[in-house]
Amino acid sequence: MHILSDSEIEKQYLIADAIRDTQDLFPKLEQGQILVEHRTVMELPDTHNAMLYMPCLDLKGKLGTNKIISIFPDNPKLNLPTTQGKILITELETGQHKALIDASYLTRLRTGALSGIATHYLSRKDSRVLGVIGTGGMAFEQVLGILEVRNIEHIYLYNRTNEKAEIFKEKLIKFGINAEINVVKDVQELVKQSDIINCATRSNESVFDAIDLKQGAHINGVGSYQPSMREIDIKAIEQSSKIVFDDIDGAKTEAGEFIQAEKDGLFSFDHAYSDLQQLALGNIDGRTDEHEITIFKSVGAAHFDLAVGVGVFKKLLS
């Protein structure tokens with residue numbers, strides 16, 4: 001069995017690879033070639049820690065994946081990553097386990113790829129300003145996903161702990177991002193300036209006020225993954241003309257702000273615009289109005305892990 005570490009994968013498998021492999025997944029989904037089970041989430045009692053199990057099979061490609069991932073928010077205090085994971089890749093003709101690959105980077109990368117794809121279809125083509133709310137573990141690849149599809153000239157960063165936002169800025173600069181980057185202490189300033197807003201937080205309340213949104217703004221929300229969590233203002237949900245999910249069934253049980261908006265009678269999953277698959281396949285329109293507010297919400301699904309896991313396997317090991 002081959003074993004690949006995050007560091008080995010990160011050197012060779014990039015955001016452009018993840019976007020391509022995710023786009024290639026959608027026709028297979030439509031043709032019924034992918035079997036996927038909804039992820040199992042097990043929360044550890046009396047903690048904020050959780051274990052996730054996510055299996056998926058590619059019947060045409062004859063490969064299956066099962067991702068096991070842990071989310072332990074207090075790990076940075078121990079100099080350990082918040083999110084840790086492995087993807088087991090199995091060949092489906094004989095059942096042989098072919099590879100075990102680190103999945104922390106791939107989880108961040110595939111989520112960034114999803115936001116990049118959604119932003120390509122839903123944001124204004126002339127979007128130049130990106131606002132990043134929350135500069136934790138998921139945020140960096142989110143930025144990379146947006147930069148892959150839009151010519152961003154200015155990036156605003158906001159984090160509850162200002163020092164972390166400054167560290168994140170230096171990381172972007174070191175990576176070679178040449179947009180102008182500013183850390184702000186007032187999230188209102190960020191929202192008022194941004195054409196695209198990325199939210200990646202574990203907040204239990206909205207992290208911005210919808211009244212501050214620019215006309216034509218696009219929002220990506222990837223942080224809240226439990227019913228109790230909120231990061232997107234429910235008023236923004238109410239005002240949005242197009243809301244797209246990566247996985248609507250998953251969102252119904254995990255996307256806290258949308259669950260609450262439905263309880264409040266301000267939104268219905270039954271009337272959501274669509275999912276990312278239909279958008280990427282061209283079965284529905286993307287942005288049709290320069291002034292409309294659009295939202296993409298990602299909660300994650302096993303088939304997206306299969307896309308990047310198999311992508312890594314083929315690029316690095318085949």
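Helices here are DSSP runs of H or I with at least four residues, strands are runs of E with at least two, and both are numbered from the N terminus. With that in hand, welcome to this structure. It is a predicted model, in which local features need pLDDT of at least 70, side-chain atom pairs count only at pLDDT 80 or more, and totals for chains, interfaces and linings use all residues. Residues are numbered from 1 along each chain as its sequence is written, and side-chain values use heavy atoms, with hydrogens and water left out.

**The overall picture**

The protein contains 11 helices and 15 strands. Its radius of gyration, taken over C-alpha atoms, is 19 Å. Along the principal axes, the C-alpha atoms fill a box of roughly 55 × 40 × 40 Å.

Of the 318 residues, 55% are buried, meaning under 20% relative accessible area with a 1.4 Å probe, protein chains only. Counting contacts (heavy atoms within 4.5 Å) with a separation of 6 or more, 69% join residues 24 or more positions apart.

**Aromatic pairs**

Rings of Phe, Tyr and Trp (its six-membered ring) pair if their centres lie within 6.5 Å; planes under 30 degrees apart count as stacked, over 60 as edge-to-face and the rest as tilted. A search of the whole structure turns up 8 such pairs. Here are two of them.

| Pair | Centre to centre | Angle between planes | Type |
|---|---|---|---|
| Phe140 and Phe175 | 5.2 Å | 85° | edge-to-face |
| Phe258 and Phe267 | 5.5 Å | 65° | edge-to-face |

Phe140 is buried, at 6% relative accessible area.

In the other pair, Phe258 has 0% relative accessibility and is buried, and Phe267 is also buried, at 12%. Ring pairs join Phe258 and Phe267 with Phe245 and Phe269 in a cluster.

**A look at helix α9**

Which residues of helix α9 (residues 256-263) are buried? They are Gly256, Glu257, Phe258, Ile259 and Ala261. The elements covering these buried residues include the helices α7 (234-239) and α8 (248-254), along with the strands β13 (242-245) and β15 (294-297). Just after α9, Gly265 adopts a positive phi of about 75°.

Technical notes:
Rg over C-alpha atoms; globule rule 2.2 N^0.38 Å. Buried < 20%, exposed > 50% of the residue type's maximum accessible area, 1.4 Å probe, protein only.
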